[in-house]
Amino acid sequence: MARHRSFKEKMAIIEHYLTHGDMKTTSRRFEVSKTTIHRWVLTHQEKGPESLAVRRRHHTYSTDFKERVILEYLEQGIGYLPLARKYDIASDTTVKQWVIEYTEGKRLKSTFGGARSMTKSRKPTYEERLEIAQYHATHDVSIRELSERFDVSYQQAYQYVKKYERAGQYP
């Protein structure tokens, strides 16, 4: 498994490559793939050095956003890496995985960034809990999307949906 590089390490590798101009030697010396070095250099040139900073939290991608990226790949033939760069997605592998899941008929789900599910939650009324569960039953949304939409924790949304499914409605 590849190890994550710090911002300083990435900058040292890029500087070495730009100074010596030999991708193969740079790749061997720092034990980083040529593809990764190439991606870092492009990112550095296009977006500046700050764009190589290590991301401290996961990014949120909605189902609609994922679908838009996938359709651009399928309909316009734009590659994984150009799409990842265009939409500031951390890795072209992420785009590739979305396309694979979509073409295999798997349901796209939004990804959740941050620790929102661990925050102190509010106490929804009975009517709100029922609305949350019914919304999930009638719309194609993940529990995470549900929790964001109704401003409740992931755990709360999950419980409301499961109780609704068991009873046919929220008890």
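Author: Start with the word helix: helices are DSSP runs of at least four residues, numbered from the N terminus. Glu31 lies in the loop between helix H2 (23-30) and H3. One caution: this is a predicted model.

Reader: What is the phi of Glu31?
Author: Phi of Glu31 is near 55°. That is a positive value in a residue other than glycine. Asp88 also has a positive phi, of about 55°, and is not a glycine. Asp88 lies in the loop between H5 and helix H6 (92-103).

Reader: Why is Asp88 called partly exposed?
Author: Partly exposed covers what is between buried, under 20%, and exposed, over 50%. Asp88 has a relative accessible area of 41%, so the label is partly exposed.

Reader: How much of the protein chain is buried?
Author: Buried residues make up 35% of the 171 residues.

Reader: Next topic: charge pairs. How many salt bridges does the structure hold?
Author: The structure holds three salt bridges. Side chains of opposite charge can pair when their charged atoms come close.

Reader: What makes Arg85 and Glu46 a salt bridge?
Author: The cut-off is 4 Å between a side-chain nitrogen of Lys or Arg and a carboxyl oxygen of Asp or Glu. In Arg85 and Glu46 the closest N and O atoms are 2.8 Å apart, so the pair is a salt bridge. Arg85 lies in helix H5 (residues 80-86) and Glu46 in helix H3 (residues 34-47), so the pair ties together parts that are 39 residues apart in sequence.

Reader: Are the two partners, Arg85 and Glu46, buried or exposed?
Author: Arg85 is at 14% relative accessibility and counts as buried. Glu46 is at 54% and counts as exposed.

Reader: How do you know that Glu72 forms a salt bridge with Lys86?
Author: The closest N and O atoms are 2.6 Å apart. The limit is 4 Å, so the pair qualifies. The pair links distant parts of the chain: Glu72 is in helix H4 (residues 63-76) and Lys86 in helix H5, 14 residues apart. Glu72, at 8% relative accessibility, counts as buried. Lys86 is exposed, with a relative accessible area of 54%.

Reader: What makes Lys162 and Glu165 a salt bridge?
Author: Their closest N and O atoms are 3.3 Å apart. Lys162 and Glu165 are three residues apart in helix H9 (residues 154-167), so they are separated by about one helical turn.

Reader: Why does Arg129 have no salt bridge?
Author: The nearest side chain of opposite charge, Glu127, is 7.3 Å away. The limit is 4 Å, therefore no salt bridge is counted. Arg129 is found in helix H7 (residues 126-138) and is buried. The side chain of Arg129 reaches the backbone oxygen of Pro124 at 3.2 Å.

Reader: Last topic: rings. How many aromatic pairs does a search of the whole structure find?
Author: The search finds seven aromatic pairs.

Reader: Why is the pair Tyr61 and Phe65 called stacked?
Author: Rings pair if their centres lie within 6.5 Å, and planes under 30 degrees apart count as stacked. For Tyr61 and Phe65 the centres are 5.6 Å apart and the planes are at 15°, so the pair is stacked. Tyr61 and Phe65 are both buried.

Reader: What makes Tyr154 and Tyr158 stacked?
Author: Their rings are 6.5 Å centre to centre, with 15° between the planes. Tyr154 and Tyr158 both lie in helix H9, four residues apart, about one turn of the helix.

Reader: Which residues do ring pairs link into a cluster?
Author: Ring pairs link Tyr61, Phe65, Tyr87 and Trp98.

Conventions: Residues are numbered from 1 along each chain as its sequence is written. This is a predicted model: local features need pLDDT of at least 70, side-chain atom pairs count only at pLDDT 80 or more; totals for chains, interfaces and linings use all residues. Side-chain values use heavy atoms; hydrogens and water are left out. Helices (H or I, at least four residues) and strands (E, at least two) are DSSP runs, numbered from the N terminus. Buried means under 20% relative accessible area, exposed over 50%, partly exposed in between (1.4 Å probe, protein chains only). Lys and Arg count as positive and Asp and Glu as negative; His and the chain ends are not counted. A polar contact is a pair of N or O atoms within 3.5 Å; within protein, one must be able to donate a hydrogen and the other to accept it, and residues adjacent in sequence count only if both atoms are side-chain atoms. Rings of Phe, Tyr and Trp (its six-membered ring) pair if their centres lie within 6.5 Å; planes under 30 degrees apart count as stacked, over 60 as edge-to-face and the rest as tilted.
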